[in-house]
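Visitor: I am new to this structure and would like to learn how to read its features one at a time. Could you take me through a few of them?

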Amino acid sequence: MIESLAFTTTVVCVAGGLVVLGTGLAGRYRRRRARPALGVIELALLVQAVADVAGLLGGAHPREPGTHLAYLVTSLVVLPAALATAPDDGRWAAVLIAVALLVLAVLVVRMQTTWRPA
């Protein structure tokens with residue numbers, strides 16, 4: 001686990017979720033504007049996943065390895081699934097993306113918790 005990356009990802013996901021929700025409720029959400037930021041978030045999650053797998057292969061033993069791996073896989077799938085499910089623009093698309101970002105923030109915090117050895 002890269003702690004600084006996990007913290008930054010959590011903060012960005014919460015802030016991004018609130019911004020997307022606000023723009024959606026105001027009727028101004030456009031996927032094309034949000035796509036670069038969402039791509040950066042997904043890239044950060046992918047880097048975190050590679051670091052986690054490298055740590056596991058390097059001998060790190062998370063407290064709850066099965067739960068940790070489930071959180072890790074889920075964190076990589078949530079945002080693409082939300083983007084595939086959401087309509088292009090509109091309030092409901094913004095709500096769905098905002099919820100996905102807030103779920104990602106919780107998943108990253110839970111990954112940090114399960115990564116720490118017993």
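Visitor: Which residues in α3 meet which residues in α4?

Guide: Please keep in mind that this is a predicted model. On the α3 side the residues are T67, H68, Y71, L72, T74, S75, V78, L79, A82, L83 and T85, and in α4 they meet L96, I97, A100, L101, V103, L104, L107, R110, M111, T114 and W115. Sorted by class, the residues of this contact of α3 with α4 are 15 nonpolar, six polar and one charged.

Visitor: How is the packing of two helices described?

Guide: In general, two packed helices are described by the angle between their axes and by the distance between those axes. Here, helix α3, residues 65-85, packs with helix α4, residues 91-115, at an angle of about 170°, and their axes are 9 Å apart. Because angles over 145 degrees count as roughly antiparallel, α3 is roughly antiparallel to α4.

Visitor: How much space lies in the largest pocket, and which residues are the closest to its centre?

Guide: The largest pocket holds about 150 Å³ of space, and of the 13 residues that line this pocket, V19, V20, Y29, R33 and A34 are the closest to its centre. The elements that give two or more residues to the lining are α1 (3-25) and α2 (31-57), with α2 giving the most, five residues. By class, the lining has eight nonpolar, two polar and three charged residues.

Visitor: What does L5 touch, leaving aside residues up to four places away in sequence?

Guide: L5, which is found in helix α1, touches A44, V47 and Q48 when those sequence neighbours are not counted. L5 and L21, by contrast, are 16 residues apart in sequence and 24 Å apart in space, C-alpha to C-alpha.

Methods. Residues are numbered from 1 along each chain as its sequence is written. This is a predicted model: local features need pLDDT of at least 70, side-chain atom pairs count only at pLDDT 80 or more; totals for chains, interfaces and linings use all residues. Side-chain values use heavy atoms; hydrogens and water are left out. Axes are lines fitted to C-alpha atoms, for helices over the stretch in contact, and angles run from 0 to 180 degrees between N-to-C directions. Helices (H or I, at least four residues) and strands (E, at least two) are DSSP runs, numbered from the N terminus. Angles under 35 degrees count as roughly parallel, over 145 as roughly antiparallel, 65 to 115 as roughly perpendicular and the rest as oblique. Contact means heavy atoms within 4.5 Å. Ala, Val, Leu, Ile, Met, Phe, Trp, Tyr, Cys and Pro count as nonpolar, Asp, Glu, Lys and Arg as charged, and the others, Gly among them, as polar. On a 1 Å grid over the protein atoms alone, a cavity is a set of points where a 1.4 Å probe fits but cannot get out, and a pocket is an open set with protein on both sides within 12 Å along at least five of seven lines; lining residues have an atom within 4 Å of a point. Grid points are joined across faces, edges and corners, and a volume is the space filled by probe spheres set on the points.
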